[in-house]
Amino acid sequence: MRDDQKNMDDAFSDKTEEFVSLEGKTTLPEDELVDEVSEAFTADADEETTDIVASAEETEEETEQEEELVEEQVKDEIDIQIDLLNDPEWVVRREAVTTLGEMGDERCIEPLVRCLRDGDWQVRDAAVEAIAMIGSPAVDLLLRYIRDYDARKSVIKALGKINDERVLDPLISMLHNDEFKDDATWALAELGQPAVGRLLECLKNQDEVIRKQAILALGEIRDSSSVDLLMEGLQDPDWFIRLSSAAALEKIGDPRGREAIKLLAKDPDLVVRLRIEHMLAEWKKQAVTA
C-alpha cells in the first residue's frame, strides 16, 4: 500500500511542475514558460520601439521636406523679383529692389548692384538702401563696380552705409577726385565713428582739398576726439581751412573749440571775420533764450 501511495504522490508532483503554454496547446516545464512569456513581452517592446523610431524618422523626413519646400519657394521668389528688375516701369523696379533687399540673400547682391546704374534715380536710391541691408557681403562687388563711371556715385553712397573697414581706403582715395570728392565726403560722414581715425590722418595731408574734405566730414560726425586737430586747423594758412575748422568745431560744441573760435574774430581775412562775428552773435542769442 505504501508503495502505491508513493507512486501516486510522485505522479501528482510531476503534474504540478507542468504548465499550459501560452497557446494552450502543450504543456511546458516552468522555466520554458517563463522564457516564452519573457520573449513575448520583449517582442512587444521591440515592436513599440520600432514604431517610435519609424515615427520619428517620418517626422524628421517631413520636416526636411517642408524646409526644402520653403527654400525652393524663396528661390522662386528671388527669381521672380530679379525678373521684375527689367520691367519698363520704374515703380515696379523700385519695389522689386526693395523686396530683394529685405530678403537679404546673397543671390540678390549682383542684381542689386547692377541697379546702381539704373536710369531712374529713385531706383538707384532704393538699390543703395537695399544693399545697405545686406551689408558686408556686398562690399567686394561694390569695390569692383566703383570703376564703373555710371555707377560710381551710387556705389560711393552705398559704401558709406556699410560698416566694414574695407570701404575706408576706396572712400579716402575718392577725396582726391574732383568730381566725386563731395560724394566720398558725405559717405565718410555717413559711416561715422569708424571713419574718424582715417579722417584725422587726412588733416595732416599736404593737399588742401583733402584737409578741407576731411574737416567737413568730421564736422558732420561730431566726434569729440577730433577737437584738438580741428583747433590746429584754425591756424591753417588757407582761409577756407580756418573757416571750415571753425564750422566743424561749432557743430561739435566742445567748450575748448568754442573758446578757440573766438580768436578768429581778428582773422586777417574779411570773410572769416564776418562769419565768426555771425557765429558769436548766434551764441549770444542762444545764451539769452536758454
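Author: Happy to. At 16% relative accessibility, D254 counts as buried, since the word is used for anything under 20% relative accessible area, with exposed meaning over 50% and partly exposed in between (1.4 Å probe, protein chains only). Keep in mind that this is a predicted model, in which local features need pLDDT of at least 70, side-chain atom pairs count only at pLDDT 80 or more, and totals for chains, interfaces and linings use all residues. Residues are numbered from 1 along each chain as its sequence is written, and side-chain values use heavy atoms, leaving out hydrogens and water.

Reader: What makes D254 and R256 a salt bridge?

Author: Their closest N and O atoms are 3.3 Å apart. The term asks for a side-chain nitrogen of Lys or Arg within 4 Å of a carboxyl oxygen of Asp or Glu, so the pair of D254 and R256 qualifies. R256 is partly exposed, at 42% relative accessibility.

Reader: How many salt bridges does the structure hold?

Author: There are 22. One of them joins the side chains of D79 and R107, at 2.7 Å from N to O. D79 belongs to helix α2 (residues 30-84) and R107 to the loop between α3 and α4 (109-114), so this bridge ties together parts that are 28 residues apart in sequence. Helices here are DSSP runs of H or I with at least four residues, strands are runs of E with at least two, and both are numbered from the N terminus.

Reader: Why are D79 and R107 called partly exposed?

Author: D79 has 34% relative accessibility and R107 has 36%, so each falls in the partly exposed range.

Reader: What makes Y149 and F180 an aromatic pair, and why is it edge-to-face?

Author: Rings of Phe, Tyr and Trp (its six-membered ring) pair if their centres lie within 6.5 Å; planes under 30 degrees apart are stacked, over 60 edge-to-face, and the rest tilted. A search of the whole structure finds two such pairs. For Y149 and F180, the centres are 5.8 Å apart and the planes stand at 75 degrees, which makes the pair edge-to-face. Y149 lies in helix α7 (residues 149-159) and F180 in the loop between α8 (168-173) and α9 (181-191), so the pair links parts 31 residues apart in sequence. F180 is buried at 5%, whereas Y149 is partly exposed at 46%.

Reader: How do you know that the length of α3 agrees with a helix?

Author: The expected span is 1.5 Å times one less than the number of residues. For the 14 residues of α3 (residues 90-103) this gives 20 Å, and the end C-alpha atoms are 20 Å apart, which agrees.

Reader: Which residues of α15 are buried, and why are they said to line one face?

Author: They are V272, I276, M279 and W283. Seen down the axis of α15, the buried residues fall within an arc of 60 degrees, so they line one face; the arc is that of the directions from the helix axis to the C-beta atoms. An α-helix has 3.6 residues a turn, so residues three or four places apart point the same way. The face turned away from the buried side of α15 carries the exposed residues K284, K285, V288 and T289.
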